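Please look over the structure below before reading on. The briefing then takes one region at a time.

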Amino acid sequence: MSFVITYSPAYTVVPTYECFNRCRYCNFRDEPGTRPWLTLAQAQQILKSLLDRGVIEILILSGEVHPQSSQRPAWFERIYQLCELALSMGFLPHTNVGPLLYEEMAQLKQVNVSMGLMLEQLTPKLLQTVHRHAPSKVPQLRLQQLEWAGELQIPLTTGLLLGIGEQESDWRETLEAIATVHQSWGHIQEVILQPHSPGQQQSWEGEAFNLHQLPQVVAIARSLLPAEITLQIPPNLVTHPEILIECITAGARDLGGISPHDEVNPDYPHPDAQTLANLLQPQGWELKKRLPVYPQYISGLPAKLKTVVENLQVATQSTSLVR
Ligand code: SF4
């Protein structure tokens with residue numbers, strides 16, 4: 001059957017790698033205070049270098065500063081300013097920086113076309129293992145973030161991290177929780193199914209998620225989630241092309257942000273868009289760019305964001321995958 005598979009031409013900007021959590025599978029974090037934060041001037045240089053390279057989405061991805069820390073206001077302000085800067089240069093910001101205060105989320109709505117927060121897994125058992133030292137990974141706290149995003153009508157990307165010590169039955173519980181919150185607010189635009197993929201920096205010796213199970217997870221997700229929620233598979237982590245094909249056959253329709261570097265999984269470089277298009281084409285599937293906000297949410301965006309989106313809609317209609 002012929003259909004369209006989408007991806008977002010993206011670049012990840014990291015205000016800081018420092019994080020007060022210590023998830024045992026993390027390949028991203030720095031100890032607080034060991035590396036200076038990204039300055040606005042540095043960010044501007046990075047963004048300038050991306051002009052005319054086909055990038056649409058700027059993913060603002062950050063380690064977390066504790067909500068009670070005296071540094072929290074400066075951390076939040078840097079994130080906000082980075083979003084403003086990206087917008088002023090014609091990019092679309094999508095922020096994913098961990099749990100936020102309600103007021104912080106409301107402010108970021110003004111400068112983000114969508115936001116992201118992985119629910120990961122709802123089971124509290126992980127608080128005894130990989131999340132023992134990760135207060136931000138309390139499942140109810142994260143579920144509340146999904147609710148708040150709904151209340152604020154923020155288009156949201158969430159997802160499951162698979163293979164971090166959960167049982168197969170836990171997938172259903174997590175997916176059902178996402179379906180329930182979406183039924184209340186209608187704001188979940190996509191769900192990522194991310195297989196745990198060990199990297200060099202992590203302390204946990206857990207094995208990689210068995211990729212042969214991923215098509216089954218896609219099928220379960222497709223059966224439990226409303227049809228309007230797109231399922232996303234990260235192609236750099238699905239290292240067997242035949243499994244990627246099986247995942248799409250089972251209902252995945254998006255390959256996420258394709259950027260030069262996966263900051264969360266630095267050991268797994270992204271394939272480029274043309275390579276992915278060549279893989280999909282024999283199946284009759286067409287790879288197309290998309291915006292970081294799904295079409296059904298554009299009319300609800302703040303006016304100044306809508307203007308930038310309208311300019312970029314032209315770019316996604318270009319036939320060329322990469323420039
Ligand atoms: S996975 Fe995220 S929250 Fe956990 S330690 Fe790494 S950066 Fe922090």
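The points below cover an annotated domain, a strand-helix-strand unit and a further helix.

This is a predicted model. Strand β2, helix α2 and strand β3 form a right-handed β-α-β unit. UniProt, in an unreviewed entry, lists residues 5-236 as "domain: Radical SAM core".

**Annotated domain**
- Over residues 5-236, the chain is 34% helix and 17% strand.
- The end C-alpha atoms of that range lie 15 Å apart.

- Strand β2 spans residues 57-61.
- It is mostly covered, with 5 of its 5 residues buried.
- Glu57, Leu59 and Leu61 point one way from β2. Ile58 and Ile60 point the other way. Both sets are buried.
- In a regular strand, side chains alternate between the two faces of the sheet.
- Strand β1 (residues 4-13) pairs with β2 in the parallel sense, over 4 bridges.
- Within that pairing, threonine 12 has leucine 59 of β2 as its bridge partner.
- Strand β3 (residues 92-96) also pairs with β2 in the parallel sense, here over 5 bridges.
- Glutamate 57 has leucine 92 of β3 as its bridge partner.

**Helix α2**
- Helix α2 covers residues 72-88, 17 residues in total.
- From first C-alpha to last, α2 reaches 24 Å. That is close to the 24 Å expected at 1.5 Å a residue.
- The buried residues of α2 are Trp75, Phe76, Arg78, Ile79, Leu82, Cys83, Ala86 and Leu87.
- Just after α2, glycine 90 takes a positive phi of about 90°.
- In the β-α-β unit, α2 is the helix that goes with β2 and β3.

**Helix α3**
- Helix α3 runs over residues 102-109.
- Its buried residues are Glu104, Met105, Leu108 and Lys109.
- Seen down the axis of α3, these buried residues fall within an arc of 140°, so they line one face of the helix.
- Tyr102 and Glu103 sit on the other side of α3 and are exposed.
- What covers the buried residues of α3? The cover includes α2, β3, β4 (114-116) and α4 (139-151).

**Links between the regions**
- Strand β2 pairs in the parallel sense with β1 and with β3.

Key: Residues are numbered from 1 along each chain as its sequence is written. This is a predicted model: local features need pLDDT of at least 70, side-chain atom pairs count only at pLDDT 80 or more; totals for chains, interfaces and linings use all residues. Helices (H or I, at least four residues) and strands (E, at least two) are DSSP runs, numbered from the N terminus. The expected span of a helix is 1.5 Å times one less than its number of residues. A residue is buried if 20 or more other C-beta atoms lie within 10 Å of its own, exposed if 12 or fewer, and partly exposed in between; C-beta atoms are placed from the backbone. Two strands pair if DSSP finds at least two bridges between them. A crossover is right-handed if, with the strands pointing away from the viewer, the path from the first strand over the helix to the second runs clockwise. UniProt positions are given in the numbering used here, feature names are shortened, and annotations may be inferred rather than shown by experiment. The arc is that of the directions from the helix axis to the C-beta atoms. Two residues are in contact if their C-beta atoms, placed from the backbone, lie within 7 Å.
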